[in-house]
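Please open the structure in your viewer and keep the selection tool at hand.

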Amino acid sequence: MLVFLGYAIGFVLAFFLAISLTAVFLGFPPNKDNNYWSRKLEILTGLGGGLVIIFILFVLKNWLALDKNFINYFSITTFGLILLFFYRRIEEIKKSRELAYKARKLQAEDTGNPFEIGKLSEALKFYQEANKLINDSKLISLEKNLEQELEKRKKFLDFFKQGKELGNRGYFKKALEVLESAQALYSHHRIGLEIQKCQLEVEKENICQVRLKKAQELARQGELKQSRELINQALADFQRLDVKNLLTKVEQIMIAFNYFEQGVAAEKKGDLNKAIDNYRKALLITPELIDINRRLGITNIKAGNYREGIEQLEGIEDRESIYFRGYGYARLQKWRKAHREWKKIDRPEIKEQIQLLSRYSQREKLTLQQEIQELIPEENLELARSKSEVFLEKFGDDPQVIYNLYSHILPRIDQQLWRSKDREKIVINAEREWEKKRNLESLHNLAIALYYRAVENPATLEKLIPVWLSATANLNLNTSVRNVVWKVIDDGDIRDLEAQLTRILEELIDRTKEDLNYYLQLRNLYRCDAVALGLLRDHPLEGIQIEGLTILPGLYRTHPDRNTVKLPEQFWATLYTRWGESVAACLQGDRVRGVALKPLTCQSTLEQIANTFVSFHQGCHYLQQKQWQKAENPLKEAKRALKNHPEWIEEIDRLYLELQEEIEGFENLLRMNKNWYELVQTPNSKMCHVRDQALAIVRRLDEQKIDESKALSELEKLKQIDYNHAILNELIEEIIFRKDVREVGRLMERNQFSEAIKKAKRSRSQKLRHLTAQFCLNLLIENSQKLPPELLIELVRSAYELCPDDPEFREVYKLFHII
């Protein structure tokens, strides 16, 4: 054993010694530090490594007491490996020289034209490939020089292209600068022609820019006609896009200004409607002009359009605009806002108006308070609420009004409403409260309101389901449920209550079975939220929380704050996507419904997770229906997730195994099992796939579509999938036997017995060796009197070499003293 270990270590040492010597004489393949010192380091490393290996070799020889044969073995092995490494390294060097030659040839063919980079680019690729193979400072220098030349030409081409483009757009001065930068890199006649073109146009461009600047100044001063004439003169001599755009802008301003002047004239005459119409036309053309907005806002307020006028004057802070904005608020009886605006104007007459405003405000305030107080005893609560809200909007928070509104008026309105049987009105009120408060109380009130309406009108169940189940999910927050004096409420009680509430909802849904489509639609909604509720109870950390409430998928889809919550990329969150109903159906085992509800597209990573899950169940559904062809694509979509779901793999394995006896036609079975193997690569799939592939190969062999060598080659490849496959190994043995038996038979027919026996010995077929051994012994028995003794012994010895342990022949071996 120690000797074997020594020879094994010797081979490893010989391998590294060969590498070291190759590095000394021919160097390693290039690395990132291709320089003089790296080559010196290679030589030192190679010599040092070689000396260390030789030292280890002699220590090993003495330690294991190895003889001279070991040294011979080591020398021969080392020499052989050196020849192999030298040959490979020399081939690399030879290839690098060929590549370098091709590169130089392409460089020589280059004409020096800076507009052509094709040949130099190809040459650079050859240099780069050559430098990957050998360390050669000259080649490295040539590669770097060529890179610099190519970079220079690319920069030149960029300058040329940019300059030409600027010239085409009429920016000749900028184009001239860029083209001169290109000429500094390379002098070429094409650059010269472009520069001459630009120089001829620069003077025109300068004149145009002077006119353009003056035209802009005139436009700012309001001299629009003169500005337009100057721009037209510039365009007559020099066409450029920015000049044309300026002309269009000036003409638009002239049209808008004309409308504006007409509006001012109409306003002075008192024709406010005509003025407003003209101001609006001007504003459509030039919405950025503040003066037009200002006049339109003031005119609207003069005309009694207070809200529109205030909106148009928003943000304009000159004295006239502030005054009219305050006046508009005053006319709308928004006293506080009017007071805030007029306080900005420090004028005596305005101060008088502010005092007048305060008196009006106080008078209206007292009047409103008295009206509210009178309405409450009359039970006119809706009007009392409306006037209270108007009061708070106009005069701000008043403790007494707020207290009356929330402590008396609103509670009494709710009581009256719930005592009435106007279900529609109750629902509207509950929805309004939910939209306003978004708390547990408003959610539960909405659920109750929707429930009573749905009892009377099942067509409204669609709105009840998401609210009812989300309210159920928040039962643990309800203090009226938790704080029962006579009983301690635990989580088990909460779950019992949840079960009762869900059964109530199910009974309502079941009443709609006569309308099958509507019933199925309701079941889809219910199932999605019910599944989410179940997952939430098993995993409390999962679920969406908005403002302290647990929101289930149905209510989440209509919640106004849903965009403020980012769904995590976890499986439970797929219920909150468009795929939620499909995922829920699959989770509850209704694969047919899950597939029917499957959306056509995925719009996020979360929806891709859902698609993978539903695709798995879709594929399993098809397999259950024996439609394995339809199962292929959905299962492929689920393939990337299979490694994280061993239970999915187990289910797929079970379904494919059940199909083995159901499939008609070998070709169908072959294709199905191949898909199965490519999908999961489990032991069962390997077994069936290899079996079918092996039988298919044998069938092609029997039909003489392939020869035995080809068949054996393909069967050997299958052993890489399942090395110990019994049927595969039997088929291989059978083909080897058939092939070798013919060869042995031909040799026997030619009386080449020794060659036949040698062939049988080399054969991998035990069956052939047995038959050949049997043939030798039969020949011995039949010719024992005719053949000389030495030949008889030779026949027995041949049989023993073929089948030394065969019990059938042991007596003969003993008779001839072979064993």
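**The whole protein**

The accessible surface of the protein comes to about 47800 Å² (Shrake-Rupley method, 1.4 Å probe), and carbon and sulfur atoms hold 53% of that surface. This is a predicted model, in which local features need pLDDT of at least 70 and side-chain atom pairs count only at pLDDT 80 or more, while totals for chains, interfaces and linings use all residues. Residues are numbered from 1 along each chain as its sequence is written, and side-chain values use heavy atoms, with hydrogens and water left out.

Display the secondary structure next: the protein has 37 helices and two strands, which are DSSP runs (helices H or I, at least four residues; strands E, at least two) numbered from the N terminus. Of the 819 residues, 42% are buried, that is, under 20% relative accessible area with a 1.4 Å probe, protein chains only.

Now select Cys586. How many disulfides are there? The count is zero, a disulfide being a pair of cysteine sulfur atoms within 2.5 Å. For Cys586, the nearest cysteine sulfur belongs to Cys620 and is 9.7 Å away. Cys586 is buried, at 3% relative accessibility.

Move to Cys803, whose sulfur lies 9.5 Å from that of Cys776, the closest cysteine sulfur, which is too far for a bond.

**A helix pair**

Finally, select helix α27 (residues 605-624) and helix α29 (residues 646-659), whose axes are 9 Å apart at an angle of about 20 degrees; the axes are lines fitted to C-alpha atoms over the stretch in contact, and angles run from 0 to 180 degrees between N-to-C directions. The two helices are therefore roughly parallel (under 35 degrees). Among the residues in contact (heavy atoms within 4.5 Å) are Phe616 and Cys620 of α27 and Ile652 and Leu655 of α29.

Terms used: Buried < 20%, exposed > 50% of the residue type's maximum accessible area, 1.4 Å probe, protein only. Parallel < 35°, antiparallel > 145°, perpendicular 65-115°, else oblique.
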